[in-house]
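This briefing concerns a predicted model.

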Amino acid sequence: MYCIVDVETTGGVKGPARLTEIAIFRHDGQQVVDSFHSLLNPGCPIPPFIRHLTGITEEMVQDAPTFADVAKDVLNITEGAVFVAHNVGFDFNFIQKELNWLGHDFFRRTLCTVRTSRKLIPGHPSYSLGKLCRSLGIPLNGRHRAQGDAAATVLLFEMLLRHDSQGLIPRVASQVDDHS
């Protein structure tokens, strides 16, 4: 299993910055089998630069759940899965920081679609999500929003799986429920 993740935040990983949105697609190596998405109330102001970049305003998140409200959902949907993201260090470290603040240890195997793309589909002038998706013909609706970026990363990940003749992407044995 894989979980393709994207988050939007009030700033960088270091310091007090908080999550404002999270999207997670659970993928079995063939297709998306579950998903989770939520705006999040960060409990702090959203800086003007971030509001302009993401379009997420304080009015949009004022009645949204806090990360503490959705932490169990995040833990459950990512359980036993490789954590996949475009620039995985940012998304993983942010979620890990938020979960650590709540007293949870959070460890997952990670896979970065930036690094994997550079190895499996070399020669692109840019590996930013927007430019890479444009050059590969991957639709990207809702740029700098967690659900749109995560959905595009799912399509990129599926393309990488198809191109992975080198075995760079860890293959997780399919788990089949047999209730007969």
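Which residues line the largest cavity? The residues are Arg18, Leu19, Leu40, Asn41, Pro42, Thr66, Phe67 and Glu98. Two of these lining residues, Arg18 and Glu98, also meet through their side chains in a salt bridge. The points below take the spaces, then the sheet, the helices and the contacts.

**Cavity**
- The predicted structure holds one cavity of 30 Å³ or more.
- The space in the largest cavity amounts to about 40 Å³.
- Sorted by class, its lining comprises four nonpolar, two polar and two charged residues.

**Largest pocket**
- The largest pocket contains about 330 Å³ of space.
- Its lining is made up of 17 residues, and those nearest the centre of the pocket are Asp6, Val7, Glu8, Phe90 and His144.
- Two or more lining residues come from each of β1, α1 (48–54) and α4.
- Strand β1 is the element that gives the most to this lining, with four residues.
- The classes represented in the pocket lining are five nonpolar, seven polar and five charged residues.

**Sheet**
- Five strands form an open sheet in the order β3-β2-β1-β4-β5, and their pairing is mixed.
- The edges are formed by β3 (32–39) and β5 (110–112), each of which pairs on one side only.
- On average, and with direction ignored, neighbouring strands of this sheet are turned by 20° against each other.
- As a general rule, the strands of a sheet pair through backbone hydrogen bonds, in either a parallel or an antiparallel manner.
- Strands β1 (residues 2–9) and β2 (residues 19–27) run antiparallel and are joined by eight bridges.
- Within this pairing, Tyr2 is placed opposite His27 in β2.
- Strands β2 and β3 also run antiparallel, with seven bridges joining them.
- Phe25 stands opposite Ser35, a residue of β3.
- A hairpin is formed by β2 and β3 with four residues between them, and Gly29 in its turn has a positive phi of about 95°.

**Helices on the sheet**
- Helix α3 (residues 67–78) lies across β1, β2 and β3, and its course makes about 20° with β2.
- Helix α4 (residues 88–101) packs on the sheet, where it touches β1, β2, β4 (82–85) and β5.
- The direction of α4 makes about 80° with that of β1.

**Salt bridges**
- How many salt bridges does the structure hold? The total is six.
- One of them joins Glu98 and Arg18 at 2.8 Å, taken from N to O.
- Because Glu98 belongs to helix α4 and Arg18 to the loop between β1 and β2, this pair ties together parts that lie 80 residues apart in sequence.

**Arg171**
- Where does Arg171 lie? Arg171 is found in the segment after α7 (146–163).
- Leaving aside residues up to four places away in sequence, Arg171 touches Tyr2, Leu161 and Asp164.
- Tyr2, one of these contacts, is the residue that stands opposite His27 in β2.
- Arg171 and Ala23 are 148 residues apart along the chain, and their C-alpha atoms are separated by 22 Å.

Terms used: Residues numbered from 1 in each chain as written. Predicted model: local features only at pLDDT ≥ 70, side-chain atom pairs only at ≥ 80, totals over all residues. Heavy atoms only, no water. 1 Å grid on protein atoms, 1.4 Å probe; cavity = no way out; pocket = protein on both sides within 12 Å on 5 of 7 lines; lining within 4 Å. Points joined across faces, edges and corners; volume = space filled by probe spheres on them. Nonpolar A, V, L, I, M, F, W, Y, C, P; charged D, E, K, R; others polar. Pairing = 2+ DSSP bridges. Axes fitted to C-alpha atoms, helices over the stretch in contact; angles between N-to-C directions. Contact = heavy atoms within 4.5 Å. Salt bridge = Lys/Arg side-chain N within 4 Å of Asp/Glu carboxyl O.
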